[in-house]
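Subject: Structure for you to look at

Dear colleague,

Please read the notes with the model open beside you.

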Amino acid sequence: MPMTTTGRATEPRSLAAKLSNETLCTWLRDMLLIREFEVRSMQAYQNKKIGGFLHVYIGQEAVAVGTIAAATARDPVITAYRDHAHALARGTEARYCMAEMMGRLGGCAKGKGGSMHMFDRRRNMFGGHGIVGAQCPLGIGLAFATKYEDEVIDGGASRRITLCYFGDGALNQGSLHESMNLAGVLNLPIIFICENNGYSMGTATARGTTMAEDLTAKAVGYGFESASIDGMDVMAVYDGFMPIAEQCRETSRPAFVEIRTYRFKGHSMSDPRKYRTKDEEQRYQAMDPIERFTKYMAAERGVTEDEHEAMTRSVRKEIREAIRWAEKSPHPELGELYRDVYTDIWGPYRGTSGPEMHDKS
Amino acid sequence: MAQMNMVRALNKALDETMAADERVCVIGEDVGVDGGVFRVTKGLLDTYGENRVFDTPLAECGIVGTAVGMAIYGLRPVVEIQFSGFMMQAFDQIEQNMARFRRRSRGRFPVSMVLRTPYGGGIRAVEHHSESREAYWAHTPGLKVVIPSGPRNAYSLLHASINDPDPVIFYEPKAVYRAFREEVPDVPDPIEIGTAQVVREGADITLVAYGAMMRPTLEAVEDLTEMHGVDPEVIDLLSISPMDTDTLVTSVSKTGRCVIVHEGPRTCGIAAEIIARLNENAFEHLLAPIKRVTGYDIHFPFFQVEKHFLPDADIIVDAVKETLAYE
C-alpha cells in the first residue's frame, strides 16, 4: 500500500534560505523577466501584433520559478495555456517565445501555435495546451517514457520526474482524474501541480470544485503524497516543492501539490472580471510575489537598489530586443501551412484542398 | 420587430423559451454570473435563478452527459459549450448517448436537448477556438445539426431547436455574433428544421452556403450581378442535418450549375455530401462539374493567415466564373 501523508509547507524548512545569492538572484531575474514579457505581450496584443488568445501569468510568477528551480533540466515539463512563464523559466529564449506569440516563423512552434503553445524539445518543455486538462494524460506518457528510458533502455534507476501543471479548473475534468489513477497504477514519477489561482475562468474554485478549501483532498483517493503551498512567495514554493520533488525522484511515485496563487489580470485579455471584487484584487496585489522577494533580497541578501535597477534594466532590454527580433522574423509562408500535418516524407500534405493556397495579401 | 445582433437574438429566444416552459434549463461554463463568454446567456440567471441557469465546472463530458440525463427524464436542457473545439472532450457523450438514446430505448427515452456552441473562424483566434467541424455531427445519425446565418434565422431556429423532440447541435457562427443587426420579429418565423431557404432566386447558377459563409457568398453575389451580369440563385442551408435535398435538387435542376461554400476542411466535408446528393438526384441536369470553395485540409491556422484560409467573395466569384465558363 502506498503511504499517504498530507504534507503542509507551513513549517519553515528554509531550504531556499540556504541557497546562494547567485541562485536567488537568477530567480528574481526570472520573475522580473516573466513580468516584463507579460506586460509587453499585453501591449503587443492591444496593438494587434499578437493574435489568438492571450492568458498572462502576472501574479503567478513565483509558482513557475519556484517549482522549476527544484527540477533538473532533464525533467519534462508540461502545462496548460498560461504557459509563457514555464518556457521562460525553463530557459527558452524570450525572442523565440515572443516570435511565437506574434505568429512568426522564428517562434518556438514556427509561428503556427501562438501564445498557448510554447514548445522547446531541447529544454524538455512539452508545451502549453489549449484544452483544459488535456495535457495531463500526456504528462503520464512523459513520466512513463523517462522511467522506461532510465530503467529499461539504460538499465539503471529511474532518476527523472515529470512536472505536470494545470489550473484549478482542470481538477474537474475527467482527463485529470484518469491521469492521476494511471500514474498511481503504473507507479510513475510525476508531480501533479495544481496552480490554484482561485478562478476557473469566471467561476470561483469553490463554486466548481468539491473540497476547494483543501485541494490536497484530491490526492487522498489516489494514495499520493501531497502538499499545499503558498504560491505568492517563491521561497515558500521552493521549500514546499523541493521535498516532494526529491521524494518523487527517490520513490518513483506520483505526488500532488496545490499551489495557492492569484492571477492579477483576467482569464484572458477579453475578461471584464465581473466575478471578483476590486477589493480582493487589491488585497492580492499587495502580496505581489516579486515585491516580496525583492524586499527579502534587499534586507537579507544585501542586493542594493542599484543592483536591482541594473537587473530591471537588463530584463527590459532583453524583452525589447526580443520584440525587435520577433518583428523582423517573417510570417510563415502559405505553403508552410500544409507542412507538419503529417511527416513531410511525401512532401506537404494537401488532402483534396490543394494545390495552392490563395494568397490574398 | 426590433433591430438586433445575433447575440441579442439568441438571448431573446432563450429568454422566451424559458419563460414559456419551465423544463428549459441553461447549463454550461460561465453561463450564469458571466452570462457566457460571448454574453449570449446574459441576464438569464437574474431572471430564472440558479436552479435553471447554472455555471458548471470545466467538464464538457460531464456537462453533456448531465444534459442527456436531464433530457431522458423529461427536461429540456440547453447546453452551452464555450467553443465548438471543446466539444471534443464530450465526443463520447454526444455520439454514444445524446445521438443514440432514443433509438437505444426504442423511442421511450427521447433526448430533447440543444447543444449550443460558437464555431468557425474570423476572430483571429487559434485552432481549438476557430474550427468548423459540423461534418462530424452530420455524420452521426440521431443528431440534428442547425447553423443560422443571421440574427433573424438564429432567433427562429433556436426556438425551433429547443422545442424539437430530438437532440440538436446548434452551431453559432461567432464571426457573425456582432457583425450586423437585423429586424427580428416578436414571434419566431415558422422555419422548420431540415428546411433550406432560397434567399435569392436566379437562373444561371446555384450558390449554396450556410452560417458565417453566407456573408462572403452574398458579397460575391453582389459582385456577380453588378459586375459580371450573372443571375445566381442562393440557398442558405440552415440545417446541415437533416439536409433539404429537395430544395437543392430543384434549384440545381433549374440552373444546371452549382458552387458550394463552407469553411470546414474539404475532404469529407458538407460540400462532398451535397455533391453526392445532386449527383444522385440531378445528374441529367448538370451542365458543369460542381465546385467546392472550402477551408483547406489542415488544422485551423493561426491568426496571421486566417484570411487566407477562409473562403472570401473573390474566391467565390472566381469559382462561379469557372463553373459558368465550362462547356
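Two strands are said to pair if DSSP finds at least two bridges between them, and the strands themselves (E, at least two residues), like the helices (H or I, at least four), are DSSP runs numbered from the N terminus. In that sense, strand 6 (residues 144-146) and strand 7 (residues 168-173) of chain B pair in parallel over three bridges, and K144(B) has V168(B) of strand 7 as its bridge partner.

This is a predicted model, in which local features need pLDDT of at least 70 and side-chain atom pairs count only at pLDDT 80 or more, while totals for chains, interfaces and linings use all residues. Residues are numbered from 1 along each chain as its sequence is written, chains are lettered from A and ligands numbered from 1 in the order in which they are written, and side-chain values use heavy atoms, with hydrogens and water left out.

A search of the whole structure finds two cavities of 30 Å³ or more. A cavity is a set of points, on a 1 Å grid over the protein atoms alone, where a 1.4 Å probe fits but cannot get out, and its lining residues have an atom within 4 Å of a point; grid points are joined across faces, edges and corners, and a volume is the space filled by probe spheres set on the points.

The largest cavity holds about 250 Å³, and of its 22 lining residues the closest to the centre are A80(A), Y81(A), R82(A), F166(A) and G167(A).

The second largest cavity holds about 30 Å³, and its lining includes E131(B), R133(B), H299(B) and F309(B). Domain 1 (2-184) and domain 2 (197-325) of chain B, with bounds from an automatic or database domain assignment, both give residues to this lining, so the cavity lies between them.

With best wishes

Conventions. 1 Å grid on protein atoms, 1.4 Å probe; cavity = no way out; pocket = protein on both sides within 12 Å on 5 of 7 lines; lining within 4 Å.
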